[in-house]
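Here's a quick briefing to read alongside the sequence and the 3D view. Have both open as you go.

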Amino acid sequence: KAKLPMAEGPKTAGEFELAWRGFKGNHSLQAAYLCRVDPDSLAALFKTSLTPTMCAAIIGTALGQLGSDGSQGPWLCILEGLTQVPRFGMVAMLIGRKERGELKTAWGEAAGKLEGEAADRLGALAPIYKL
């Protein structure tokens, strides 16, 4: 059974992806692992190695958690930090049709759970994410 490998977040994109794949199908472990990543470090962590599939998985996890406990938690900051990854716009455009449709649905659901400044921040990200 998969469990979180360490107390701190990953040091490299490869380390992140290896752990992430180890949690495949366990969304709560993926969310807990993603929480260990400082949103301000996402650009340095992924540099130019973020793939459309990994990007979609991170977005989906963040959106699925956003507002789930009545708060924005770290999720909105993660979505904002992801946009600072080099080539993010290109990576976002290359997300597959099926994944993009699922993300649009999740985006709408997340937006419905937020109010005030958090809703405005998520709304401002929509054009950047092309959703």
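What follows covers a pocket, a helix pair and a salt bridge.

This is a predicted model, where local features need pLDDT of at least 70, side-chain atom pairs count only at pLDDT 80 or more, and totals for chains, interfaces and linings use all residues. Residues are numbered from 1 along each chain as its sequence is written, and side-chain values use heavy atoms, with hydrogens and water left out.

- The largest pocket has a volume of about 480 Å³; a pocket here is an open set of points on a 1 Å grid over the protein atoms alone, where a 1.4 Å probe fits, with protein on both sides within 12 Å along at least five of seven lines.
- Of its 20 lining residues, W20, Q30, T53, A56 and A57 sit closest to the centre (lining means an atom within 4 Å of a point).
- Helix α4 gives the most to this lining, with eight residues (helices are DSSP runs of H or I, at least four residues).

**Helix pair**
- Helices α2 (residues 27-35) and α4 (residues 52-65) pack at about 95°, with axes 10 Å apart.
- That makes α2 roughly perpendicular to α4, a label for angles of 65 to 115 degrees.
- Q30, A31 and L34 in α2 meet I58, T61 and Q65 in α4, counting heavy atoms within 4.5 Å as contact.

**Salt bridge**
- E17 and R21 pair through their side chains at 2.4 Å, N to O; the rule is a Lys or Arg side-chain nitrogen within 4 Å of an Asp or Glu carboxyl oxygen.
- Because E17 and R21 are four residues apart in helix α1, about one helical turn separates them.

Key: Axes fitted to C-alpha atoms, helices over the stretch in contact; angles between N-to-C directions. Helix = DSSP H or I, 4+ residues; strand = E, 2+ residues; numbered from the N terminus. Parallel < 35°, antiparallel > 145°, perpendicular 65-115°, else oblique. Points joined across faces, edges and corners; volume = space filled by probe spheres on them.
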